[in-house]
Amino acid sequence: HIISASFFGIVEIKMQFTKPHDSFFLHNRKLTIYSASIVSTKSNSLPILCSQCNATSFQEDVDQFLLPEGVILQPGEYNVVIHYEGKITNGNRGFYIAYDPKHMPGNQIRAFDPQVLQNAQMTTTLEAAYAREVFPCFDEPNFKATFQLNLYVEDPAKIAISNTDATMISPMKEGLFYEFGLTPPMSTYLLVFVIGSFKVVEKRSRGGKIVRLYVPHDTVSIEYTLAVSYTHLT
């Protein structure tokens, strides 16, 4: 929610355990965890609720998730589901607001001013280790995973963009719900999503490759920028 400068998320992580465990660790910085559970991917398995324990003595920005006493995870594949809340920031890291100076009175940033926010974009910068400020994860560049992102956008006049195309956009009572395609295996810092008001222009090559630009509505010389991008990317 852009006015309250907060967002709610649900993250589902598929994990493979090679030996018995009674807990697991994930990176987390300034996220409020409301619930966490883990369930075996085997049929008829029931979710096990986990308790969160701050593990700063072990490593900074790491949370330990403990299983109930006496419960041991045997080797195998599991799904972890975490409900959480995070903060939208004014900085250039994590999930933050990118202001348009043209729409700021006196070019001064007034944090979370509704009039200013109307023309602002929300975007992410997760490099080098800021994904942990947006969702609990294994935030290490040598860890690769596929990502499938869903986003709820409150303002239907704005669009959402991510690493892959939206496979479905569903109207809600208020806003739109975006479902994006699965990414290739990649590090957490490469994940990106943007919410804003854009003009979309694109050009398709003979081989079917699409070059697409998302630009502010008052951008000039779009055709030239598209032509240059097309020349270098196809």
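1. Histidine 27 belongs to strand β2, which spans residues 23-27. The structure discussed here is a predicted model. Histidine 27 has a relative accessibility of 6% and therefore counts as buried, the cut-off for that class being under 20%.

2. The largest nonpolar core comprises 42 residues. Phe24, Ile38, Phe65, Ile82, Tyr84 and Phe135 have the most contacts inside this core. At least two core residues come from each of the strands β1 (6-17), β2, β3 (32-40), β7 (76-87), β8 (94-98), β10 (150-153), β13 (176-180) and β14 (193-196). The greatest contribution is that of β1, which gives five residues. As general background, nonpolar side chains tend to be buried together in soluble globular proteins.

3. Apart from neighbours within four places in sequence, isoleucine 38 is in contact with Phe17, Phe24, Leu46, Pro47, Ile48, Cys50, Leu73, Tyr78, Asn79 and Val80. Phe24, one of these partners, is also listed among the residues with the most contacts inside the largest core.

4. Strand β8 is mostly covered, with four of its five residues buried. β8 runs antiparallel to strand β9 (residues 121-125), and five bridges join the two. Within this pairing, phenylalanine 95 stands opposite threonine 124 of β9.

Technical notes: Residues are numbered from 1 along each chain as its sequence is written. This is a predicted model: local features need pLDDT of at least 70, side-chain atom pairs count only at pLDDT 80 or more; totals for chains, interfaces and linings use all residues. Side-chain values use heavy atoms; hydrogens and water are left out. Buried means under 20% relative accessible area, exposed over 50%, partly exposed in between (1.4 Å probe, protein chains only). A nonpolar core is a set of buried Ala, Val, Leu, Ile, Met, Phe, Trp, Tyr and Cys residues joined through side-chain atoms within 4.5 Å. Contact means heavy atoms within 4.5 Å. Two strands pair if DSSP finds at least two bridges between them.
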